[in-house]
Amino acid sequence: VIVRTAMKAPDPGGPRHQGAMSSNRDLRSSDAVAVSRDAPRKALLLAAFFAAYIVLDWLSYLHPMLPFRITPWNPQAAVTITLLMVYGQRWLAAVILAVVAAELLVRGAPHSALAVLAPSLVLSLGYAAIAYALARTVNTRLNTVGDIVRLIAIVTGGTLVLAVFYIGSLLASGVGTVADYPRALLGFWIG
């Protein structure tokens with residue numbers, strides 16, 4: 001973290017002018033150093049998230065509802081939403097990669113590439129939307145009843161909307177039948 005100190009405006013043409021310009025150059029170079037020092041921390045966070053997502057998906061892949069491969073427990077969703085709430089939407093690409101990797105590594109060979117990519121993109125964007133809504137409307141300390149009600153409403157409503165689009169993307173990709181839709185929708189929403 002770089003803390004910038006307020007500098008007095010240099011006297012144009014005075015002896016301090018050259019020192020102020022040098023100082024500005026030093027600040028810019030220290031910004032570059034801070035960014036380069038931050039890169040290993042970001043890489044470690046990325047690796048930890050990626051590993052946590054895949055391991056949690058693997059651990060929770062019990063009794064999948066076929067052919068949609070929906071499970072009754074999904075702790076990786078909470079990790080993902082937390083990551084996006086804390087570090088922002090700029091991590092969405094990492095989320096998409098982790099979701100696609102988990103689909104391939106945990107659930108095995110897909111029906112088609114579309115059956116992996118479309119639902120993974122829907123899932124990732126759904127997580128991002130829920131995280132965005134939570135970050136903008138809920139105090140994370142949950143100090144008030146209103147915060148708790150908003151948390152429940154966003155998570156409940158967000159997962160229902162996500163379920164509609166996720167199951168829809170699987171159906172559009174050729175996975176499952178329309179007759180299976182209500183059961184799959186309920187399974188995804190509750191799980």
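Me: Is D147 buried or exposed?
Reply: D147 counts as buried, at 5% relative accessibility. Buried means under 20% relative accessible area, exposed over 50%, and partly exposed in between, with a 1.4 Å probe and protein chains only. This is a predicted model, where local features need pLDDT of at least 70 and side-chain atom pairs count only at pLDDT 80 or more, while totals for chains, interfaces and linings use all residues. Residues are numbered from 1 along each chain as its sequence is written, and side-chain values use heavy atoms, with hydrogens and water left out.

Me: What does D147 form a salt bridge with?
Reply: Its partner is R150, with the closest N and O atoms 2.6 Å apart. A salt bridge here is a side-chain nitrogen of Lys or Arg within 4 Å of a carboxyl oxygen of Asp or Glu. Both residues lie in helix α5 (residues 145–172), three residues apart, about one turn of the helix. R150 counts as partly exposed, at 35% relative accessibility.

Me: How many salt bridges in the whole structure?
Reply: The search finds six. One of them joins the side chains of D57 and R107, at 2.5 Å from N to O. D57 lies in helix α1 (residues 16–60) and R107 in helix α3 (residues 92–107), so the pair ties together parts that are 50 residues apart in sequence. D57 and R107 are both buried.

Me: And R69, which residue does it form a salt bridge with?
Reply: With E103, at 3.4 Å between the closest N and O atoms. That pair links distant parts of the chain, 34 residues apart: R69 is in the loop between α1 and α2 (75–87), and E103 is in helix α3. R69 is buried at 11% relative accessible area, and E103 is buried at 5%. D57, R69, E103 and R107 are linked in a network of salt bridges.

Me: Where's the cis peptide bond?
Reply: From L66 to P67, with omega near 5°. P67 is in the loop between α1 and α2.

Me: Switching to the fold. How many helices and strands?
Reply: Six helices and zero strands. Those are DSSP runs, H or I of at least four residues for helices and E of at least two for strands, numbered from the N terminus. Of the protein's 191 residues, 31% count as buried.

Me: How much space is in the largest pocket?
Reply: About 470 Å³. On a 1 Å grid over the protein atoms alone, a pocket is an open set of points with protein on both sides within 12 Å along at least five of seven lines, and lining residues have an atom within 4 Å of a point. The volume is the space filled by probe spheres set on the points.

Me: Which residues are closest to its centre?
Reply: Of the 28 lining residues, those are N74, A77, Y127, F188 and G191. The largest share of the lining, six residues, comes from α2.

Conventions: 1 Å grid on protein atoms, 1.4 Å probe; cavity = no way out; pocket = protein on both sides within 12 Å on 5 of 7 lines; lining within 4 Å.
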